[in-house]
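Work through the exercises below with the sequence and the model at hand. Each task is followed by its solution in steps.

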Amino acid sequence: DLDDTGPRLPWDLDSLQFLADRGTAATLTMMDLCTVAGDAPVTVKDIESTAGLTSAQVRGQLAGLTMMFKHPKYGLERTQWPVRADWHTGVGHYYLRPGIADLWKQIRGESAFPEPIDFADGEGVASVQDIS
């Protein structure tokens, strides 16, 4: 999450479409994985392996997402990510905020989502077997 110095507007179809249109590979992959993961956490390693990016690339692209929220010039009137980030033993675990998965599916279409994924990365992360 980002600080609460700006508007905490709810994520709606238009704002998520804005994010989908401007998102990097790491951002889109994070959103897609969080959509199919349900309550299971998504890690940077999950994003790396699915998007074919290095850890540095994922971290850099997600830092760019943070910049999008911090600077009004990008046109996104939100200050918090559409995902919640928890840090366990130095590893970020991302979870989609409630109500966003269905909207994201509308925007991305079912074909955008990865095949069933095993999110087992050694951190005790659950497996996702059903993406519908």
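Rings of Phe, Tyr and Trp (its six-membered ring) pair if their centres lie within 6.5 Å; planes under 30 degrees apart count as stacked, over 60 as edge-to-face and the rest as tilted. The model is predicted, so local features need pLDDT of at least 70 and side-chain atom pairs pLDDT 80 or more, while totals for chains, interfaces and linings use all residues. Residues are numbered from 1 along each chain as its sequence is written, and side-chain values use heavy atoms, without hydrogens and water.

**Exercise 1.** Find how many aromatic pairs the whole structure has, and characterise what is found.

Solution. A pair of aromatic rings is described by the distance of the centres and the angle of the planes. The search of the whole structure gives one aromatic pair. Trp-81 and Tyr-94 form this pair, with 6.0 Å centre to centre and 15° between the planes, and it is stacked. Helices (H or I, at least four residues) and strands (E, at least two) are DSSP runs, numbered from the N terminus. Finally, check burial, where buried means under 20% relative accessible area, exposed over 50% and partly exposed in between (1.4 Å probe, protein chains only). Trp-81 is buried at 8%, and Tyr-94 is buried at 4%.

**Exercise 2.** Describe how helix α2 packs against helix α4.

Solution. Start with the geometry: α2 (residues 25-37) and α4 (residues 55-70) pack at about 85°, their axes 8 Å apart. Axes are lines fitted to C-alpha atoms, for helices over the stretch in contact, and angles run from 0 to 180 degrees between N-to-C directions. The two helices are therefore roughly perpendicular (65 to 115 degrees; under 35 is roughly parallel, over 145 roughly antiparallel, the rest oblique). Then list the contacts (heavy atoms within 4.5 Å): Ala-25, Ala-26, Thr-27 and Met-30 of α2 meet Val-58, Gln-61, Leu-62 and Leu-65 of α4.

**Exercise 3.** Is Thr-35 buried or exposed, and which backbone oxygen does its side chain reach?

Solution. Thr-35 belongs to helix α2. Its relative accessibility is 8%, so Thr-35 counts as buried. The Thr-35 side chain reaches the backbone oxygen of Met-31 at 2.8 Å. Thr-35 and Leu-103 are 68 residues apart in sequence, with C-alpha atoms 9.7 Å apart.

Note on methods
A polar contact is a pair of N or O atoms within 3.5 Å; within protein, one must be able to donate a hydrogen and the other to accept it, and residues adjacent in sequence count only if both atoms are side-chain atoms.
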